[in-house]
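Here are my notes on this model. Please read them with the structure open.

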Amino acid sequence: MAQQRALPQSKETLLQSYNKRLKDDIKSIMDNFTEIIKTAKIEDETQVSRATQGEQDNYEMHVRAANIVRAGESLMKLVSDLKQFLILNDFPSVNEAIDQRNQQLRALQEECDRKLITLRDEISIDLYELEEEYYSSRYK
């Protein structure tokens, strides 16, 4: 199937940065989600009042949820970057698509040429018959 090709250093570095971004974003989502679950547990009485602790927990959950959303958006951007990388750097499939389109257009050109030749031959025969009729008629 697809042969594994050696990538230039810049492409290899770019792919490594994509891999690092992926791991960092997934780790961020997991860490923030874990912390939200930990915050949701009701703890024993502390020095801070329950209302104050509740507000602090609520604020922390909002911040962590925002961090999860940011990491999710970063993952969506990463997917977009990967698609762009694939489109711009997948020369074999681009060349294959171009070759396939060229073959389709050549086949269409050959079909049009055949139809034009057939039409030319038919018109030539009809014109010959009309000329013969004209020159052999008494009205010329």
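1. Helix 2 (residues 50-89) has 40 residues, so at 1.5 Å a residue it should span 58 Å. Its end C-alpha atoms are 57 Å apart, which agrees. The expected span is 1.5 Å times one less than the number of residues. Helices are DSSP runs (H or I, at least four residues) and strands are E runs of at least two, numbered from the N terminus.

2. The model is predicted: local features need pLDDT of at least 70, side-chain atom pairs count only at pLDDT 80 or more, and totals for chains, interfaces and linings use all residues. Residues are numbered from 1 along each chain as its sequence is written, and side-chain values use heavy atoms, without hydrogens and water.

3. The protein has three helices and zero strands. The order from the N terminus is α-α-α.

4. Of the 140 residues, 9% count as buried (under 20% relative accessible area; exposed is over 50%, partly exposed in between; 1.4 Å probe, protein chains only). Buried residues in helix 2 include Asp57, Asp81 and Phe85.

5. Leu22, Ile26 and Met30 make a nonpolar surface patch of about 260 Å². Areas are Shrake-Rupley values with a 1.4 Å probe. Ile26 lies in helix 1 (residues 9-40). Its relative accessible area is 42%, so Ile26 is partly exposed.

6. Glu122, Asp126, Glu129, Glu132 and Glu133 form a negative surface patch. Asp and Glu count as negative, Lys and Arg as positive; His and the chain ends are not counted. Charges are placed at CG of Asp, CD of Glu, NZ of Lys or CZ of Arg. Glu132 belongs to helix 3 (residues 91-136). Glu132 counts as partly exposed because its relative accessibility is 46%.

Terms used: Patch = residues over 30% accessible without salt bridge, like charges linked within 9 Å, V, L, I, M, F, W, Y side chains within 5 Å. Salt bridge = Lys/Arg side-chain N within 4 Å of Asp/Glu carboxyl O.
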